[in-house]
Amino acid sequence: MSFASLLFLFLFLPAGVLLYAVTPRRWKLYSLFLLSLFFYGQMGMFYFAFMLASVTVDYLLSRLMQLFDDNNSRRRTILGVGLVKNLGIAIIAGTGYELTANVVPAGLYIYLFSALGYLIDVYRGDAMYEKNYIRFALYCIMFPRIHGGPMLEYNAYLAQLKEASFSLDQLSRGFSLFILGFAKQILIMPGLREITQALYALPTGEMSVLSAWLMVGCTALSYYYAFSSWGDMAEGLGIIFGFRYRSGYNYPLISESVSSFLKRFNGSVTAFIRRFVTIQLSADTTGGVTQATHLLVSTVLVGMWYSANLNGILWGLFLGVIVVLEECIPSRFLQWIPLFFRRIFTLILLLPSFLLLTCGSGAQFLGYLKILVGIGVPFGGLESGYITGAYWLSLAEALLFALPVLRPVRRLLFPAAGRREANAAASPSTLLLRTLALLLTAAILFYSIILML
């Protein structure tokens, strides 16, 4: 079952919200767990059984670690088993899947890495041993996060679980934000996908510099919308069920550096990997080469989140090399460069890098790279003008929502996505904004459904 399906929108979500609303507070944990089991069960019995087996093994490993709490050597061995098991499954099962199109690998990564983070935390003493299996399992498979995150630390999850509640205000804010992500999937993604496919279908001998740059730009936008739409929907669903977590997508195309891009593009995953990999590896090291190696390992893992094969490894390695080079440049020197030029230079580096995720061979990648720098091809051509003219509306929509032009409007209509959490008493202005948000939500939902039918 997909968030962007009529079955989820008109059957599962209303029934789930009703069940959660009428469930007493002390039992909301179990109602949300049942909803998550049912949601994941729609993906197929094989994946459902595999997920339950994996989560159960991780739970037993944590209890075994507690059993040998006074024997650090055995606890380290148990942690090593958890590392090999979760990372091994992620690499093997993720190979060959497209995370942007297939739900199963997204859910796979979420529960594997969530459980792995928990095991690391209990090993280090940063989290308490969890005795309640359902509470642990819900952390791993909570259905709003199952498509692609955001990642959530166990202590933050427990703190929010204790305060989980339901209100009509949460429902209005969360549903409005959910529909914003839903609209990205239904209104923007199809047109953007058609443009990208049309550009990749062009023979390299007929491409121009402009069409090549348009192709890599649309590729980057496709990845951004594919993931940020799930992030918005997950964040909205979290608000509905009383959880506060950020989707981690903060206009990555205006990044002033590659380091900034990693924080803006699925920042929750980057922060999660940084906490459990980079900081741990670099805790007792001071050498520049060693720290650079640890940084490269982290960015490779980030790349593998999007494609658990050689493409993802190369993309993460490329980003890591640029980040290491940025660390070598004094910050005072970077401040001399105007922000606008830093953003343009970062885009010039980033956009071609997305070819590493899509090209099937090194020869194809190098062929596109030659076109991007203008080797043996004209600067402009009829094909780029024709495609731009045919899909100008889709391009305009994609650019408009990928840039912070509408950020003030989003903060007004969806306060939970901005800095103001609207949990105070509703003022007349707040009620007006809620009404506008619901009217806008209704209009977007109606138009999206018409397109789906």
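How accessible is Val321, and does that make it buried, exposed or partly exposed? I looked it up: Val321 has 38% relative accessibility, so it counts as partly exposed. My cut-offs were these: buried is under 20% relative accessible area, exposed is over 50%, and partly exposed lies in between (1.4 Å probe, protein chains only).

**Ground rules**

I am working on a predicted model, where local features need pLDDT of at least 70, side-chain atom pairs count only at pLDDT 80 or more, and totals for chains, interfaces and linings use all residues. I number residues from 1 along each chain as its sequence is written, and side-chain values use heavy atoms, with hydrogens and water left out.

**Entry: the whole chain**

I counted 21 helices and 0 strands in the chain. Helices are DSSP runs of H or I with at least four residues, strands are runs of E with at least two, and numbering starts at the N terminus. The chain has 453 residues, and 52% of them count as buried. It exposes about 20900 Å², with 69% supplied by carbon and sulfur atoms. Accessible areas come from the Shrake-Rupley method with a 1.4 Å probe; for residues, only the protein chains shown count as cover. Then I checked contacts, meaning heavy atoms within 4.5 Å. Among contacts with a separation of 6 or more, 75% join residues 24 or more positions apart.

**Entry: helix α13**

I went back to Val321, which lies in helix α13, residues 310–328. This helix has 19 residues. From first C-alpha to last it reaches 27 Å, close to the expected 27 Å at 1.5 Å a residue. The expected span is 1.5 Å times one less than the number of residues.

Val321 belongs to a nonpolar surface patch with Leu310, Ile313, Leu314, Leu317 and Leu325. Together they have about 490 Å² of accessible area. Patch residues have over 30% relative accessible area and no salt bridge; like charges are joined within 9 Å, and nonpolar side chains (Val, Leu, Ile, Met, Phe, Trp, Tyr) within 5 Å.

Next I looked at the buried residues of α13, which include Asn311, Trp315, Leu319 and Val324. The buried residues pack against α10 (258–264), α12 (288–306), α15 (339–353) and α16 (355–358).

What does the side chain of Asn311 reach at 2.9 Å? I found the backbone oxygen of Cys359 there. The backbone oxygen of Leu356 also lies 2.9 Å from a polar atom of the Asn311 side chain. Leaving out residues up to four places away in sequence, Asn311 touches Leu356, Leu357, Thr358 and Cys359.

**Entry: salt bridges**

Side chains of opposite charge can pair when their charged atoms come close. I found 9 salt bridges in the structure. Each is a side-chain nitrogen of Lys or Arg within 4 Å of a carboxyl oxygen of Asp or Glu.

Arg135 pairs with Glu130, the closest N and O atoms being 3.0 Å apart. Arg135 is partly exposed at 28% relative accessibility, whereas Glu130 is buried at 5%.

Glu153 and Arg275 meet at 3.4 Å, N to O. That pair links distant parts of the chain: Glu153 sits in the loop between α6 and α7, Arg275 in helix α11 (residues 267–281), and they are 122 residues apart. Glu153 is partly exposed, at 33% relative accessibility.

Asp169 and Arg173 meet at 2.9 Å, N to O. They are 4 residues apart in helix α8 (residues 168–200), so about one helical turn separates them. Asp169 is partly exposed at 29%, but Arg173 is buried at 11%. I also noted a network: salt bridges with shared partners join Asp121, Arg124, Asp126, Glu153 and Arg275.

**Entry: loops**

Where does Pro144 lie? I found it in the loop between α6 (133–141) and α7 (154–162). Its relative accessible area is 2%, so Pro144 is buried. Pro144 touches residues including Phe3, Ala234 and Tyr245, not counting those up to four places away in sequence. Pro144 and Phe241 are 97 residues apart in sequence, yet 9.2 Å apart in space, C-alpha to C-alpha.

Tyr251 has phi near 45°. Tyr251 is in the loop between α9 (209–240) and α10, and is buried at 10%. Asn266 has phi near 55°. Asn266 is in the loop between α10 and α11, and is buried at 1%.

Technical notes
A polar contact is a pair of N or O atoms within 3.5 Å; within protein, one must be able to donate a hydrogen and the other to accept it, and residues adjacent in sequence count only if both atoms are side-chain atoms.
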